[in-house]
Amino acid sequence: MITIDGVIRVRGRTRVLHEVSFTARPGRVTGFLGPNGAGKTSTLRVLLGLDRPQGGTVLIDGRRYADHDRPLTVAGALLDGSGAHRSRSARAHLRWVAASNGLPRSRVGEVLDLVGLGAEAGKRAGRFSLGMSRRLGLATALLGDPPVLILDEPVNGLDPAGIRWMRTFLRDSAAAGRTVLLSSHLMGELAETVDDVVIIDRGRVVASGELAEVIGGHATLEDAFLAKTGSEGVSW
Amino acid sequence: MVSLLDAELRKLLGLRTAWVGLLVGFLAAPALVFVSAGGTRRAIAEGLYTDSSDLGFQTLGIGVLGAMILGVVTVSSEYTPTGEDAPGARQLTATLAAMPRRARLLTAKGAALTLVVAVQGLVTTVATLALTRLVHGSLVPSPAPGRLAGAVLYWVLIGLLAYALTLIFRNGIVTLTVLVVNSSIVSVSYLLTKVTSAAVYLPDIVGAHLFLNEVGDHDVAPVTAGLVMAAWVAALLALAGWLFGRRDA
């Protein structure tokens, strides 16, 4: 369960988040949608304690992320890139992450196989393609087998087979009772994966609820999104 | 805390640049004993050395570069971009996701660094002093244990100084340039001691009094030197910790 309540974030003189509030529930995939620069990544970084908010609270299973003793067993996060130093092998990267949270070494091989990187375990992260980096990032998020997954644009850089794999993986995770929160600016992709939707635009949540509710009278999620973010009729 | 230390040791020792630091630290000073053997022998014969007990210890200065490199890379590796396709992505994100309590993270990182640098300092100091005895024989008195301990402490404090500065600058190149230029090419700190005797208490100058009898024109007792340098390092670490706790990652 993720609870985000009244989060305010100011960068320089710009207010990038205006009292953002929503929840992501267990057993469901929550899509956090918005145009580029709307505040999706900012919100997720605040949620993980990477950036500090100027107001509001962010809780994962009732506590702030940093207040959990072994945080990787509570929530796994996939942000930009793999998070692995270029000179480290995928295996070496995962081993230190596992050590930091007292996770068994055997988890390293398991998550590498799970994301399809078993054969690349000894390869240096600096030589990974974008798609492989994303997979390594996901493997890192899954190390602690956490009940909560937080994924920033998870399908970015994946090939069609990878996108299909990710979709199935996310659905299966929710079916197994996990809380899945993922951000995206790709509507078509999301409509097939998410149960709940939160739409953010210019730092404000403009719609949230179950998928059908948010689509409402519009033909598709994309139409609903464009109507709610006021980007309809933008001339290219 | 043990698991955090374990993770930070793995991270540090898994970096190729850290091994450059380790090798420089281990090899440079002992190698210098051999390279400079002829010149040193002549200098002793001509009576240029008033205190030959400084002999092996003086050579150690170059090896401290290894401690500096280790102190720098343990932090700079966190800030290096992980790839071209994600310019903002750095290891720091993975680090803070795994170890979000920042004060504990910095403590574990500093402890891992201290451990590695202390071992490096001890091995190098013993090896360098033994080699000096081997090369120059009875011309060099056998080293006092207190001075050996002082040299290892200096080694560790230099590593922690580099660690604190890199945390403050968030950039390894800046720290390394400042430290290396100041310690080897033009020592601004040393030149300052010619202007004001207060400069004797700058961290890099005062630390040398921990294990050398003759440094510049001023005398500082080893215990005073250790306390002053430790105070400098503690203050810089406190500043670094405060900044790291407040900054966005």
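**Reading the core**

Reply: Of the 136 residues in the largest nonpolar core, Leu47(A) and Ile150(A) touch the most other members. A nonpolar core is a set of buried Ala, Val, Leu, Ile, Met, Phe, Trp, Tyr and Cys residues joined through side-chain atoms within 4.5 Å. Buried means under 20% relative accessible area, exposed over 50%, partly exposed in between (1.4 Å probe, protein chains only). Helix H8 (residues 145–169) of chain B gives the largest share of this core, 14 residues. Helices (H or I, at least four residues) and strands (E, at least two) are DSSP runs, numbered from the N terminus.

The model is predicted: local features need pLDDT of at least 70, side-chain atom pairs count only at pLDDT 80 or more, and totals for chains, interfaces and linings use all residues. Residues are numbered from 1 along each chain as its sequence is written, chains are lettered from A and ligands numbered from 1 in the order in which they are written, and side-chain values use heavy atoms, with hydrogens and water left out.

Me: Which residues does Leu47(A) touch, not counting residues up to four places away in sequence?

Reply: Contact means heavy atoms within 4.5 Å. Among the residues that Leu47(A) touches are Ile4(A), Val58(A) and Ile150(A). Val58(A), in E4(A), is also the bridge partner of Ile4(A).

Me: How is helix H2 (residues 90–100) of chain A covered?

Reply: In soluble globular proteins, nonpolar side chains tend to be buried together. Here, eight of the 11 residues of H2(A) are buried, including Leu94(A), Trp96(A) and Val97(A). Just after H2(A), Gly102(A) has a positive phi of about 60 degrees.

Methods:
Pairing = 2+ DSSP bridges.
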